[in-house]
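Q: I've got a new model open and I'd like to learn how to read it. Can you walk me through it?

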Amino acid sequence: MSEKQYFCYLGHLAHFYHKNIIKYSNRPFNTVDEMNETMIRNWNQVVDPDDTVIHCGDFGFGDVDSLCRLALRLNGKIVMTLGNHDKGKYPKAYRELEDWDGTHKFSLAKSLSLREGNYDI
């Protein structure tokens, strides 16, 4: 019997629920729902439930509950880092996402700051 292989994927800029990204990035969708559903389907066709996905910023827009419900539909353990659009409420939202479903499916990666005199992780 062959051993199961696990993969780690790196992704970024999903922009789930971001209506204007369709126009800004010339994405081939007519609605946010169409974009979200297509990206969820494509994600799950590639990522297995036991794989890890490191998502490097700008995962999605909207309220915490909507993002959590969408993320629960995605295969894999998801590690998120914050992107340039993840400011204001989003750092807090991603921290809430870590324990939202009680399974620890999500985690927020800590950032490394190497400014002069600040080498904290």
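This is a predicted model: local features need pLDDT of at least 70, side-chain atom pairs count only at pLDDT 80 or more; totals for chains, interfaces and linings use all residues.

Q: Which pattern does the chain follow along the sequence?
A: Start by listing the elements. The chain has four helices and four strands, and they come in the order β-α-α-β-α-β-α-β.

Q: What share of contacts joins residues at least 24 apart?
A: Here you set aside sequence neighbours and look at pairs at least 6 apart; of those contacts, 68% link residues at least 24 apart.

Q: And how much of the chain is buried?
A: Buried means under 20% relative accessible area. By that cut-off, 40% of the 121 residues are buried. The accessible surface comes to about 7,800 Å², with 53% of that on carbon and sulfur atoms.

Q: Which residues line the largest pocket?
A: The lining is made up of Tyr9, Leu10, Gly11, His12, Leu13, Ala14, Trp43, Val46, Val47, Val53 and His55. Strand E1 (8-11), helix H2 (32-46) and strand E2 (52-56) each give at least two of the lining residues. E1 has the largest share, with three residues.

Q: How does that lining divide into nonpolar, polar and charged?
A: Sort the lining residues by class: you get eight nonpolar, three polar and no charged.

Technical notes. Residues are numbered from 1 along each chain as its sequence is written. Side-chain values use heavy atoms; hydrogens and water are left out. Buried means under 20% relative accessible area, exposed over 50%, partly exposed in between (1.4 Å probe, protein chains only). Contact means heavy atoms within 4.5 Å. Accessible areas come from the Shrake-Rupley method with a 1.4 Å probe; for residues, only the protein chains shown count as cover. On a 1 Å grid over the protein atoms alone, a cavity is a set of points where a 1.4 Å probe fits but cannot get out, and a pocket is an open set with protein on both sides within 12 Å along at least five of seven lines; lining residues have an atom within 4 Å of a point. Ala, Val, Leu, Ile, Met, Phe, Trp, Tyr, Cys and Pro count as nonpolar, Asp, Glu, Lys and Arg as charged, and the others, Gly among them, as polar.
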